[in-house]
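Me: I have a structure open and want to go through it with you. Can we start with how the parts sit against each other?

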Amino acid sequence: MEFKYILIVIVLVYLPVLITGQYTLRGVPESYAVLGEKYTLQCDVTDSPIAVECRKNDVFLCSILSSTCESQSTDNRYKCGCINNNNKTLYLNISNINKQDDTTWSCRGNSGGQGSTTVTVYYGPAKIRFNPTSDNIDVIEGKTQSVNCLADCKPDCNITWSKDGQYTIRGVPESYAVLGENYTLQCDVTDSPNFVQFRINNVAVCSILSSTCESQSTDNRYKCGYGPENIIFNPTSDNIDVIEGKSQSVNCLADCKPDCNITWSKDGSTTILNNPLSLSTRYQTGSYNCTVRHTVLNKQLTKQLNVQIYYGPDELTFSPDVTSIKIIEDGPDKLTFSPDVTSINIIEGRDQTITCLTDCYQCNYKWTGPVSSPTKDLVLTQIKRNQEGNYRCEATNIKNTNPKTRSKSIQVNVHYPPDITSVTSDAVNNETDEGSDITLNCNVDSKPVSTVTWSSSTSTDTNTGQQWTLTQAKCQDTGIYTCTANNGIGQSTTKSLPLNIRCKFMLSQYTIIYTCTTNNGIGQSTTKSLPLNIRCPPILKEELKKEKRGKIGEMVLLEINIEAYPEPSFIWKQLMSDVEYPFVKTEKVSENNFISTLELILDQSSFGYYIITVQNIINGETKAKTWGIKIIELGNFICII
């Protein structure tokens, strides 16, 4: 009875649980796309699927394998992958947006989770046309004819008409007015009318006579006019040179009706200067802005004038203010380093120059340490870890009668990525009996110290630290134990060791021999044995080779070795095409050991991921597990940026 209880626990450990997470799909940075431009969709995932597919109108476009963030797409318009190698935050880049992309998009995990969004494509204006379609139309007076102006736009465009010249009216500086405040409308005219009227609901409120620019209004609330236009300087140059002491006036002029307010400012200062501008002293060198403001229309223009005042030479003086000076050769003064540190960390293989600095008339420099240098620059090229240490710079003033020397030290630390030197266990030949305590040890050479984590091929348990102790190891602890080291420099590195736990009373992990012995005191005892197979869900009997390489036309054999009872079924599918292969071969090695193989003659469509689903039925309930193998084409290299 006790042994049956242990087997029930094992079934619970290997029972696959698919948890459907939350999938959120959105456009970044905008919720809409623009015709002909690029667009990005971001898919945020909360569960852990084997792969996530990107679809348009439920049609497959691109897939991402969660374990490696590798991707495959059906069209060069689509690129997908992980953002910053985070398999919870995925992207789909769409190039050359077209109108057919204005539809529903989704991201879907093989666990069943899905997120979707609708992308709106903006475009236009384009294809301006009339209805009736002619560009020239004849109408008999007294008969009404409507002409409609149409254009392709999304969102809808604002369409207006003008006659005999282009008249454009707009609010300045804003398109809206605020209750109780002043507001200005600007009318730009391209023809030459006798006068122009401003109207409210087609009622004239103010008019401007074009020949004189005089204006009349029906109410003091309304004032109209023109300008400012055509700012000019007198003298006319935008750059003016003046000799100090000789006065020069510069007048700023502009076309305005009524007259505009004209002011000057210098070098961005808020101090207002009067017009005309008077220039005479060296301190007036700089850039000046002439600002012309229409006092009625609240409109202004600005133009820049560059002024250079020439002066000197003035009375000569010395600094220091003496007529005779005696120089005593001295130095070196206090030493400093560039970069200004007393300890520096350098990654192995990189270049680094450390410069010794001091105030000295004529000094000789010398660096001592693992690397030496006769100059003020210590040049470390493709630094190696044996060049770590303390370096000292000495500066000596060779012009002093008694040479003076100063020195300063800097500690150079060479950082390098982890190297796992050994992975061991205290079990003889990595094999021990069930119930024993086993300590795994991972030795890592790195600087700075690495974070070490352990994982197992037969358990979801993990451990952090150089050692992992398995207390009272069980049969199901048999597997591959992997040590991973990472110190933030370069890539993580891993190393594995196989660990075998000898099970009590078992031929294999799930087979037990029961022996019956009889004795009545006459002759020898008689024995007979019965093997008892324990039902168990599929597990790997041997480590799965997750990658196969081959060329087009070659034959590739994919194989998986499974331990399960009763006999399982094997389903082989290609991830990209979702095609199931019915012609697999399954060899029964023993009552609970089965090897399934798939033979393929490679063509262009053969490369990619293959998913193997293995399942059997225990007490009327289906137990299933899934593994993946990738076929890679020899001679092709992919650079992921």
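Reply: Start with domain 3 and domain 4, whose centres are 47 Å apart, taken over C-alpha atoms. Keep in mind that this is a predicted model. Seven residues from domain 3 and six residues from domain 4 make the contact.

Me: Where do the domain bounds run?
Reply: The domain assignment gives domain 1 as 23-119, domain 2 as 125-171 + 179-307, domain 3 as 317-325 + 341-416, domain 4 as 426-502 and domain 5 as 536-633.

Me: Back to the contact. How much area is buried between domain 3 and domain 4?
Reply: About 530 Å², with carbon and sulfur atoms giving 54% of that. On the domain 3 side, Ile347, His415 and Tyr416 supply 79% of the area buried against domain 4, more than any other three residues.

Me: How many salt bridges cross that interface?
Reply: The rule finds two between domain 3 and domain 4. There are also five residue pairs in polar contact across this interface, both residues of each being at pLDDT 80 or more. Strand β31 (residues 404-425) gives the largest share of the domain 3 side that touches domain 4, namely four residues. By class, that side of domain 3 has three nonpolar, two polar and two charged residues.

Me: Which residue does lysine 447 form a salt bridge with?
Reply: Glutamate 388, and the closest N and O atoms of the pair are 2.7 Å apart. Lysine 447 is also joined to proline 448 by a cis peptide bond, with omega about 0°. Proline 448 sits in the loop between β33 (438-447) and β34 (451-456).

Me: Where else is there a cis peptide bond?
Reply: Between asparagine 275 and proline 276, again with omega of about 0°. Proline 276 is in the loop between β21 (261-266) and β22.

Me: What does glutamine 284 do with its side chain?
Reply: The side chain of glutamine 284 reaches the backbone oxygen of serine 278 at 2.9 Å. Glutamine 284 itself is in the loop between β22 (277-279) and β23 (286-294). Beyond four places in sequence, its contacts are Lys266, Ser278, Leu279, Val307 and Ile309.

Me: New topic: threonine 482. Buried or exposed?
Reply: Threonine 482 has a relative accessible area of 18%, and because the cut-off for buried is under 20%, it counts as buried. Threonine 482 lies in strand β37 (residues 479-486). Its side chain and that of serine 496 are joined by a polar contact of 2.7 Å. Leaving aside neighbours within four places in sequence, threonine 482 is also in contact with others, including Thr453, Trp454 and Ser455.

Me: And asparagine 390, which strand is that in?
Reply: Asparagine 390 is in strand β30 (residues 389-397). It is partly exposed, at 43% relative accessible area. The side chain makes a polar contact of 3.5 Å with the side chain of serine 409. Thr368, Gly369 and Pro370 are among the residues that asparagine 390 touches. From asparagine 390 to threonine 368 is 8.6 Å, C-alpha to C-alpha, and 22 residues in sequence.

Me: Last one. What is the phi of aspartate 58?
Reply: About 65°, so a positive value, although aspartate 58 is not a glycine. Aspartate 58 is partly exposed, with a relative accessible area of 45%, and is found in the loop between β4 (51-56) and β5 (59-65). Asparagine 84 likewise has a positive phi, near 55°. Asparagine 84 is in the loop between β7 (78-83) and β8 (86-94) and is exposed, at 75% relative accessible area.

Notes
Residues numbered from 1 in each chain as written. Predicted model: local features only at pLDDT ≥ 70, side-chain atom pairs only at ≥ 80, totals over all residues. Heavy atoms only, no water. Domains from an automatic or database assignment. Contact = heavy atoms within 4.5 Å. Buried area = accessible area lost by both parts, 1.4 Å probe. Salt bridge = Lys/Arg side-chain N within 4 Å of Asp/Glu carboxyl O. Polar contact = N/O pair within 3.5 Å; in protein donor to acceptor, adjacent residues only side chain to side chain. Helix = DSSP H or I, 4+ residues; strand = E, 2+ residues; numbered from the N terminus. Nonpolar A, V, L, I, M, F, W, Y, C, P; charged D, E, K, R; others polar. Buried < 20%, exposed > 50% of the residue type's maximum accessible area, 1.4 Å probe, protein only.
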